[in-house]
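Colleague: I would like a close look at a single part of this model. Please keep it brisk.

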Amino acid sequence: MIPRLFLLAVIALFAGEARAQSTAPPPDAPLKRNGQQIFVENCSRCHGPDGSSNTFIGHRWHIPDLRSEPVQKLSIEQRITIITHGKNNMPAHEKRLTADEIKLVEGYVRELGKPASPATR
């Protein structure tokens, strides 16, 4: 016969595992980050948090304002290519970011070019 204490320990162990599994995301689920978070973590040092490029590096390397018409007129594919492979002094991000993360950053850059709504001014 199984000792009662051992049985209680096994039940407690499985109960704890069930609780942990119910609150933890599936192991294959990617951590969700949005384009703004990725931009701030990887791009704001040069481009500034608002995309203005009003930073020491931005001024030194004459980095364009991401909200400007020339940048905003680029196609989605052109911006993705620049983020992925770099351009001039901008480093490539293909080894730092996944293709999905690069798409999220590009989408955020596109949003930077849109006029602010009256509620956010």
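Is the crossing of α6 and α7 left-handed or right-handed? Please take me through that helix pair.

Modeller: This is a predicted model. The crossing of α6 and α7 is right-handed. Two packed helices are described by the angle between their axes and the distance between those axes. Here the axes of α6 and α7 come within 9 Å. They cross at roughly 120°. Angles of 65 to 115 degrees count as roughly perpendicular, and those over 145 as roughly antiparallel. The α6 and α7 helices are therefore oblique to each other.

Now the residues. From α6, the contact involves Ile-76, Arg-79, Ile-80, Ile-83 and Thr-84. From α7, the partners are Ile-102, Lys-103, Val-105, Glu-106, Val-109 and Arg-110. By class, this contact has six nonpolar, one polar and four charged residues.

Next, α6 itself, which spans residues 76–85. Its buried residues are Arg-79, Ile-82, Ile-83 and Thr-84. An α-helix has 3.6 residues a turn, so residues three or four places apart point the same way. The cover over the buried residues of α6 includes α5 (69–72) and α7 (99–112). Just after α6 comes Gly-86, with a positive phi of about 80°.

Two α7 residues of this contact, Val-105 and Val-109, also touch Phe-39. Phe-39 sits in helix α2, residues 35–42. Phe-39 is buried, with a relative accessible area of 1%. Other residues that Phe-39 touches include His-47, Pro-49, Leu-66, Tyr-108 and Leu-112.

Methods. Residues numbered from 1 in each chain as written. Predicted model: local features only at pLDDT ≥ 70, side-chain atom pairs only at ≥ 80, totals over all residues. Heavy atoms only, no water. Buried < 20%, exposed > 50% of the residue type's maximum accessible area, 1.4 Å probe, protein only. Helix = DSSP H or I, 4+ residues; strand = E, 2+ residues; numbered from the N terminus. Contact = heavy atoms within 4.5 Å. Axes fitted to C-alpha atoms, helices over the stretch in contact; angles between N-to-C directions. Parallel < 35°, antiparallel > 145°, perpendicular 65-115°, else oblique. Left-handed = near helix turned anticlockwise from the far one by under 90°. Nonpolar A, V, L, I, M, F, W, Y, C, P; charged D, E, K, R; others polar.
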